[in-house]
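Try each one before reading its solution.

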Amino acid sequence: MITRIEELISEYSVRNKKSEDIPVYSVTNDRGFCTGYFSKEVASKDKSTYKIVPRGYFAYNPSRINVGSVDWQNCEDRVIVSPLYIVFSISEQLDQQYFLHYLKSDIMLNYIKEYATGSVRDNLKLSDLGKLPVNLRPLDEQRKIAAVLDKVSNLITKRRQQLEKLDLLVRARFVEMFGDPIENNYGWSTHMLDSVCKTIVDCPHSTPRYTNVNTGYMCIRSSIVKKNRILWDEIEYISEQEYYQRIQRKQPKMGDVVYTREGAILGIAAMINCDCNVALGQRMMLLSPDTNICLPQFLSSVMNFESFLRKALKGLSGSASPHINVGDIKSFVIIIPPLALQQQYVSFFERTEETKRTISESLIKLETLKKALMQEYFG
């Protein structure tokens with residue numbers, strides 16, 4: 001039976017007026033109700049206006065629900081959340097977990113985007129949430145659906161955790177073998193980047209005209225450059241004419257290292273591991289290491305260290321638009337261990353990447369299954 005959500009929810013606006021010592025929580029899209037997001041200042045401030053969330057009640061940040069920051073409280077008897085949050089209870093006709101899956105589904109998020117208001121962020125009032133539809137199935141059926149979605153969601157979480165642990169393992173292996181590449185606490189030989197790279201060039205500053213049509217000429221946006229990897233599945237294309245305009249300084253080749261040099265995601269390096277016609281978008285530079293001195297994957301790993309980025313950004317914190325200059329990068333001094341040791345690390349990295357690919361394929365299948373189930377249950 002399809003009904004409006006407002007028939008099944010009631011706002012709960014009880015404040016912590018007596019300033020009781022109740023745990024402070026937040027709600028995120030990936031962790032739900034959680035602690036650990038608060039500074040000492042927040043922990044010590046007056047919390048008499050904070051809203052109480054009893055066990056079993058829902059809460060969401062009205063400017064973050066559009067990305068799934070909503071959850072029901074199953075951590076403690078009572079917690080408190082920011083006064084900005086909206087807290088509500090649900091009817092006994094609704095199962096909490098069933099309703100949560102619905103609220104976080106793509107179908108519901110699309111509804112929310114249609115109803116939300118606000119110039120900076122989407123902002124959904126409880127009255128607007130109440131206008132949206134929900135399929136009020138029998139309670140036992142709701143619980144069966146929730147159990148299936150919980151099982152798939154838990155598997156997805158485990159796969160993501162496996163990928164995160166493998167990333168940490170690779171970093172730990174690097175530190176074990178080489179130490180910090182900037183501090184050089186192992187006393188390795190050091191060289192300026194300019195002396196270990198055949199070329200270090202800036203990419204054109206203009207914004208390419210991207211297309212999803214496969215023209216045969218790929219172009220890498222800075223947004224698909226992640227630490228030590230490029231998201232080739234999200235690659236876009238440009239025209240042949242624009243491609244040749246963008247590679248005048250240097251045609252990117254397999255084994256070159258891309259480095260993001262400005263914007264919100266500056267300071268990220270990845271090796272090009274694909275032999276194809278590819279150009280770079282804006283806000284990036286391209287390094288071509290001399291493989292007789294420095295292996296590309298080793299260089300990419302060095303440039304992704306926090307100490308490298310801190311050095312690159314030194315003195316730029318007050319800038320309205322921080323960026324890293326090619327000239328500064330050329331003069332950077334990094335460790336250069338023997339090639340045999342670099343190769344040991346690269347071999348370990350590649351073996352780990354193969355394992356990650358297998359896990360990623362499983363993750364994609366699980367995410368596809370979850371979307372299909374969501375469509376079946378809530379569509």
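**Exercise 1.** Decide whether Lys-356 is buried or exposed, and find what Lys-356 is in contact with.

*Solution.* Start with the relative accessible area of Lys-356, which is 8%. Buried means under 20%, exposed over 50% and partly exposed in between, using a 1.4 Å probe and protein chains only. Lys-356 is therefore buried. This is a predicted model, where local features need pLDDT of at least 70, side-chain atom pairs count only at pLDDT 80 or more, and totals for chains, interfaces and linings use all residues. Residues are numbered from 1 along each chain as its sequence is written, and side-chain values use heavy atoms, with hydrogens and water left out. Finally, leaving aside neighbours within four places in sequence, Lys-356 is in contact (heavy atoms within 4.5 Å) with Leu-163, Leu-166 and Asp-167.

**Exercise 2.** Classify Gln-96 by its relative accessible area and list its contacts.

*Solution.* Gln-96 sits in helix α2, residues 96-103. With a relative accessible area of 23%, Gln-96 is partly exposed. Beyond its neighbours within four places in sequence, Gln-96 touches Gly-56, Phe-58, Trp-72 and Ile-90.

**Exercise 3.** Work out which residues cover each side of strand β5.

*Solution.* In β5 (residues 51-54), Lys-51 and Val-53 lie on one side, Ile-52 and Pro-54 on the other, and all are buried. Then look across to Val-79 in β8, which stands opposite Val-53.

How values were computed
Helices (H or I, at least four residues) and strands (E, at least two) are DSSP runs, numbered from the N terminus. Two strands pair if DSSP finds at least two bridges between them.
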